[in-house]
Amino acid sequence: MSRKRTVTKTQEYSECIINTVREPLIVLDQDLRVVAVNNSFYKVFKVNPEETVGQLIFDLGNKQWDIPKLRELLETILPQKTTFDDYEVEHEYATIGKRIMLLNARQIQKVLGMEQIILLAVEDITARKETEEGLKKAHAELTELAAELKRVSLVKSEFLANMSHELRTPLNAIIGFSEVLADRLYGDLNEKQKEYVQYIYTSGRHLLSLINDILDLSKIEAGKMELEVSRFPLRTVLDSSLIMLKEKAFKHGIALSVEVDPEADIHVEADERKIKQILFNLLSNAVKFTSDRGRVTVRARLAAENGSEERHMLEVCIEDTGIGIKEEDLPGLFGAFIQLHQSVSTKEYEGTGLGLALTKRLVELHHGRIRVESEYGKGSRFYFTLPGI
């Protein structure tokens, strides 16, 4: 076989190899003239063989490849290192626009002959860079938005806290004066007047409850709620919480009971007033949503904390035989102003929609957790914990 035929075969073999590479690939001789390019190069840079092969690389595309960083790579860096990886070049092409490329170069010796050739692989990373820049910009915008939302939320909470204080003063006066009228300290009332005074008193108490809840929520969100920790017997707090709802439960024939495991019949260190508030919110909901002649039970026990045999947490459960909660409603249960069981026309179950949201935050303020288990139509179990008992 002649040398010429061997060279031709070798050239065909080399071209087959470079055409299997999906990225644009250029083969250069020692003078930096194009010996061959693969099909991907033609497609990406929209050129043809006649204006490519045999040309000085810097003259390609009417000198569009005369790029300072490319000259630095091929004329200065590569002769010293023989290889180079991930050399980033950005350039504006007349035919295809702006491109950001990663160049990988290898200087190797041909199989036949002693002359050197250069393999130059071109990876177009324009889309990837644009995506990365877009993500960086989006992240910066989201960070800025989160900071602004936090600031707005803080301002909102402080505003609500201040407004709630301002509203409570005249509202307490309205409630007080309506009580005076209802007690007929300054004269008798006819039946219609009694009815209207009772409406004023009931509506005033309802509005005061809403304002108090908003005030407490705002204080927690603004970081201004402080715990007044004391040591008190758990059983006493549970019993007193039931007493507050005893009359309402009795009217509907609802049985109230407390079950405390012997090891949980202890003194706890917490904010007693806020623990009572947690219990009242959960118990009043349980009584409100339990049908006549139903049952509400409070249970307390000690449970291991995260599987630990040494540290324990106090777990309190309020169980009812009420209407229960649909599974799809559970995720949003502890959101502010959420009332799941509310008839628009009859307002069958009154409430502010803040009770559970406030309860959750009060529990978390004690570094505890709250959760719920419920089966629609059969009742619910609300659990809250106080850690480190």
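1. A salt bridge is a side-chain nitrogen of Lys or Arg within 4 Å of a carboxyl oxygen of Asp or Glu. Arg71 and Glu75 make one, with their closest N and O atoms 2.9 Å apart. Side chains of opposite charge can pair when their charged atoms come close.

2. Some ground rules come next. This is a predicted model, in which local features need pLDDT of at least 70, side-chain atom pairs count only at pLDDT 80 or more, and totals for chains, interfaces and linings use all residues. Residues are numbered from 1 along each chain as its sequence is written, and side-chain values use heavy atoms, with hydrogens and water left out.

3. Now the overall picture. The chain has nine helices and twelve strands. Both are DSSP runs numbered from the N terminus: helices are H or I with at least four residues, strands are E with at least two. Of the 389 residues, 35% are buried. Buried means under 20% relative accessible area, exposed means over 50%, and partly exposed lies in between (1.4 Å probe, protein chains only). The accessible surface comes to about 23800 Å², and 52% of that belongs to carbon and sulfur atoms. These areas come from the Shrake-Rupley method with a 1.4 Å probe; for residues, only the protein chains shown count as cover.

4. Look at contacts along the chain. A contact means heavy atoms within 4.5 Å. Among contacts between residues at least 6 apart in sequence, 58% join residues at least 24 apart.

5. Back to the salt bridges. The whole structure holds 26 of them. Arg71 and Glu75 sit four residues apart in helix 4 (residues 68–81), so about one helical turn separates them. Arg71 is partly exposed at 29%. Glu75 is partly exposed at 42%.

6. Lys129 also pairs with Glu88, with closest N and O atoms 3.4 Å apart. This pair links distant parts of the chain: Lys129 is in helix 5 and Glu88 in strand 3 (residues 83–93), 41 residues apart. Lys129 is partly exposed at 22%, and Glu88 is partly exposed at 33%.

7. Which residues are linked in a network of salt bridges? They are Arg301, Glu315, Arg371, Glu373 and Arg381. Glu375 and Lys378 meet in a salt bridge too, at 3.5 Å from N to O. Glu375 is partly exposed at 46%, whereas Lys378 is exposed at 59%.

8. Helix 6 (residues 191–221) is worth a check. At 1.5 Å a residue, its 31 residues should span 45 Å, and its end C-alpha atoms are 45 Å apart, which agrees. The expected span is 1.5 Å times one less than the number of residues. Its buried residues include Val197, Gly204, Leu208 and Ser218. Just after helix 6, Gly223 takes a positive phi of about 70°.

9. Helix 5 (residues 126–182) holds Leu149. Leu149 is exposed at 52%. Val155 is in helix 5 as well, and is partly exposed at 43%. The C-alpha atoms of Val155 and Ser218 are separated by 9.8 Å, although the two are 63 residues apart along the chain.

10. Two loop residues have a positive phi without being glycine. Leu32 has a phi near 65° and lies in the loop between strand 1 (25–28) and strand 2 (34–37). Lys46 has a phi of about 55° and lies in the loop between helix 2 (39–45) and helix 3 (60–63). Buried or exposed? Leu32 is buried at 9%, whereas Lys46 is exposed at 58%.
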